[in-house]
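Okay, thanks for coming, everyone.

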Amino acid sequence: MKKGLARIRKGYGKKLLSIHAWNAWLVLFLALSGLMLLGGFWRELLGEGRVWLKWGHIVIGLVLLLPVIYYLLLAAKHWKRLKGRTSQKANVLVVLGLLIGWILSGLVLWQFKMAGPRAANAALFIHDLLTWIGLPLIIYHSITRTKWLKEPQKRSIVPDSDLEENTGKLVGRDTLPPSHPQPFYTRRGFIKVAVGAGMALTLGPTFTRWVGQSFKPPSLEDYVADNANTLLPEPVPLPQSSPPIGGGADGHYRVYTVTDIPSFNNDNWSFTVDGLVDKKLSWNWEQFVQLKREVQVSDFHCVTGWSVYKNTWEGIPLTALLDMAGVQKTAATVKLYSGDGVYTDSLTMEQARMADIMVAVMHDGMPISNQLGGPVRLVVPKMYAYKSVKWLNRIELIEGDHIGYWEQRGYDIDAWLPGAKKI
């Protein structure tokens, strides 16, 4: 074991150089791919490529383990060379902590079905937080340390053997004379990173949005106040909805869309149930809000890792609408249409008959805003949220299968939550 470690640590100066270079490239890819996976613009533009990018992000994240493990094998020798250099030790600990935090939270997000929604929700916040705080630091550290390690005359942590290998010159001691300059941050480097960090902080719209949503996320009241829908009359909540019997939603929604967020009024909104039915049904808004509604409490889980618990939904059970229309024997699939004109998804007839699937018009006693998929959205509590179609305005019963928007792009057709009773 000792001989193996000695062999690995031999010439560790060059190996530190290699580790920094690999870290710089790996982190750069993870940063760019992570921002693209987060941004709504890229979600729409990439289409199926987003699934491949997600897997590339996961694979490179796992590859990042290798330089971290390799460094840990060199760490004892490196730490000894940093004796008396408090700032450099602190820097190493910070960067190492960021890398390990990234990897661990990323592993939880990768295996979110096994970890469970609460763990995944916490991991997503940690992963994002470490990204925005650590990204400028870790890229700057990797690049500047690579450049610094290429200049043996400036470094004092590298043993004589490494200096000899790099420069062909022998130094008769383990460290260079104390009077020799040993810069860690050059003035030019500091200006570059300061300007870069300033631009990221002040001009990065994604960063600004994330900070606002993470540390002061919009409340349901905020969403209702900013609701661009102008449908009248507003639905009157049932007694169980106001105050909400669930006690109020626990958590915060992240707004993801594949198009611009639509808005509706009484003139451009309608709701239809058609296809393989005995009776085609169609309502305008005034008629739709007169339908008999029920109330239920359920959790809401997104496949990207976040969750909102104890939502009080009010609406019409999907099975009630199917019964009103009359389902023909040849109907096998319930196809669901979004009012954005692009998004669709589906449930098998057996799945659609689950008692807790609701065509919701109210959330915690308030109208569902257009940002959260209102005026009407589907709620499928036993499945991930991409099945809970936003801006729902049409239900079509069809004979064959239908592959929905995200399923065409690599998502599971059956979006069951861990532990859900599958149908």
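A bit of housekeeping. This is a predicted model, so local features need a pLDDT of at least 70, side-chain atom pairs count only at pLDDT 80 or more, and totals for chains, interfaces and linings use all residues. Numbering starts from 1 along each chain as its sequence is written, and side-chain values use heavy atoms, with hydrogens and water left out.

How confident is the predictor? pLDDT is its confidence in each residue, from 0 to 100, and the protein chain averages 81, with 75% of the residues scoring at least 70. Where pLDDT is low, the predicted coordinates should not be read in detail.

Now the whole chain. We have 15 helices and ten strands; these are DSSP runs numbered from the N terminus, H or I with at least four residues for helices, E with at least two for strands. Of the 423 residues, 48% count as buried. Buried here means under 20% relative accessible area, exposed is over 50%, and partly exposed is in between, with a 1.4 Å probe and protein chains only. Take the contacts with a separation of 6 or more: 73% of them come from residues 24 or more positions apart. The accessible surface is about 21,200 Å², and 61% of that belongs to carbon and sulfur atoms. Those areas come from the Shrake-Rupley method with a 1.4 Å probe, and for residues only the protein chains shown count as cover.

Let's zoom in on the hairpin. Strand β5, residues 333-338, pairs with β6 in the antiparallel sense over five bridges; for two strands to pair, DSSP has to find at least two bridges between them. Lysine 335 sits opposite serine 346 in β6. Five residues separate the two strands, and in that turn glycine 341 has a positive phi of about 80 degrees. As for β6 itself, residues 344-348, four of its five residues are buried.

Over to the surface. Trp25, Leu28 and Leu32 make a nonpolar patch with about 340 Å² of accessible area together. The patch rule takes residues with over 30% relative accessible area and no salt bridge, joining like charges within 9 Å and nonpolar side chains (Val, Leu, Ile, Met, Phe, Trp, Tyr) within 5 Å. Tryptophan 25 is in helix α2, residues 12-38, and counts as exposed because its relative accessible area is 62%.

Most residues other than glycine have a negative phi, and most peptide bonds are trans. Leucine 232 and proline 233 are joined by a cis bond, omega about 5 degrees, and proline 233 is in the loop between α12 and β1. Glycine 374 to proline 375 is cis too, with omega near 20 degrees; that proline 375 is in the loop between β8 and β9.

For positive phi in a non-glycine, look at lysine 310, at about 55 degrees. Lysine 310 is in strand β4 and is partly exposed at 39%. Aspartate 364 has a positive phi of about 50 degrees, but it's in the loop between β7 and β8 and is buried at 10%.

Last topic: salt bridges. Side chains of opposite charge can pair when their charged atoms come close. The cut-off is a side-chain nitrogen of Lys or Arg within 4 Å of a carboxyl oxygen of Asp or Glu, and the whole structure has eight of them.

Which residues form a network? Asp274, Arg394 and Glu396 do. Aspartate 274 and arginine 394 come to 3.2 Å at their closest N and O atoms, linking strand β1 to strand β10 across 120 residues. Arginine 394 also bridges to glutamate 396, at 3.6 Å. Aspartate 274 is buried at 12%, and so is glutamate 396 at 17%, while arginine 394 is partly exposed at 26%.

One more pair: lysine 387 and glutamate 407, at 2.9 Å, N to O. Lysine 387 is in the loop between β9 and β10, and glutamate 407 is in the segment after β10, 20 residues apart. Lysine 387 is buried at 1%, and glutamate 407 is buried at 8%.

Key:
pLDDT is the predictor's confidence in each residue, from 0 to 100. Contact means heavy atoms within 4.5 Å.
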